[in-house]
Amino acid sequence: RLWQVADEESLAVPIRAKYAGMHALSIIKSGHDVEAAVETLQRNGMPSFSAAPELYECLVTTTLGRNRDSENVDLSAYLRLVSKTKMLLISQETTILDLDKNTAKFE
């Protein structure tokens, strides 16, 4: 229903991306399919890192933090998810890494 209203109201891309980010973060935090969150962001846009740092952190740690052996994850599905996540992050303009303070973060 959210995306139907967004289409009807012709929401601007940054606003649509904001809601997509909130929805994706909710999906990830609730333990649901991370791929659904990534697809939501692909279809509706991704907010900037400065607007949604928690989304970026959850997306990366949830995707890359999976253990294929302990979670019985299908390797091809996992690699597809990693690839989709990587392309989503690469597509953002905010991909300059700041390696100060021993942490990588997007700026």
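**Why these labels?**

User: Why is Gly31 called exposed?
Analyst: Gly31 has a relative accessible area of 64%. The label exposed needs over 50%, buried means under 20%, and partly exposed is in between (1.4 Å probe, protein chains only). At 64%, Gly31 is therefore exposed. This glycine is found in the loop between H2 and H3, where helices are DSSP runs of H or I with at least four residues, numbered from the N terminus.

User: What kind of model is this, and which pLDDT cut-offs apply?
Analyst: The model is predicted, so to speak of local features takes a pLDDT of at least 70, and side-chain atom pairs count only at pLDDT 80 or more, while totals for chains, interfaces and linings use all residues. Residues are numbered from 1 along each chain as its sequence is written, and side-chain values use heavy atoms, with hydrogens and water left out.

User: What makes Glu54 and Lys29 a salt bridge?
Analyst: The rule wants a side-chain nitrogen of Lys or Arg within 4 Å of a carboxyl oxygen of Asp or Glu. For Glu54 and Lys29 the closest N and O atoms are 2.5 Å apart, and the pair counts as a salt bridge. It links distant parts of the chain, with Glu54 in helix H4 and Lys29 in helix H2 (residues 13-29), 25 residues apart.

User: Buried, partly exposed or exposed: what are Glu54 and Lys29?
Analyst: Glu54 has 38% relative accessibility, so Glu54 is partly exposed. Lys29, at 54%, is exposed.

User: How many salt bridges does the rule give?
Analyst: The count comes to three. Besides the Glu54 pair with Lys29, there is Glu35 with Lys84, their closest N and O atoms 2.7 Å apart. That one joins helix H3 to helix H6 (residues 75-90), across 49 residues. Then Glu39 pairs with Lys84 at 2.8 Å, again from H3 to H6, 45 residues apart. Through shared partners, Glu35, Glu39 and Lys84 form one network.

User: Why do Glu35 and Glu39 get the labels they have?
Analyst: Glu35 has 17% relative accessibility, so Glu35 counts as buried. Glu39 comes out at 27%, so Glu39 is partly exposed.

User: How do you know how H1 and H2 are oriented to each other?
Analyst: The axes of helix H1 (residues 2-9) and H2 come within 11 Å and cross at roughly 175°. Axes here are lines fitted to C-alpha atoms, for helices over the stretch in contact, and angles run from 0 to 180 degrees between N-to-C directions. Under 35 degrees is roughly parallel, over 145 roughly antiparallel, 65 to 115 roughly perpendicular, and the rest oblique. H1 and H2 are therefore roughly antiparallel.

User: Which residues of H1 and H2 meet?
Analyst: From H1 it's Leu2, Trp3, Ala6 and Asp7, and from H2 Arg16, Tyr19, Ala20 and His23, with contact meaning heavy atoms within 4.5 Å.

User: Why is H3 called oblique to H4?
Analyst: Helix H3 (residues 34-44) and helix H4 (residues 53-64) pack at about 135°, with axes 11 Å apart. That angle makes H3 oblique to H4. Val34, Val38 and Leu41 of H3 make the contact with Leu55, Leu59, Thr62 and Thr63 of H4.

How values were computed: Helices (H or I, at least four residues) and strands (E, at least two) are DSSP runs, numbered from the N terminus.
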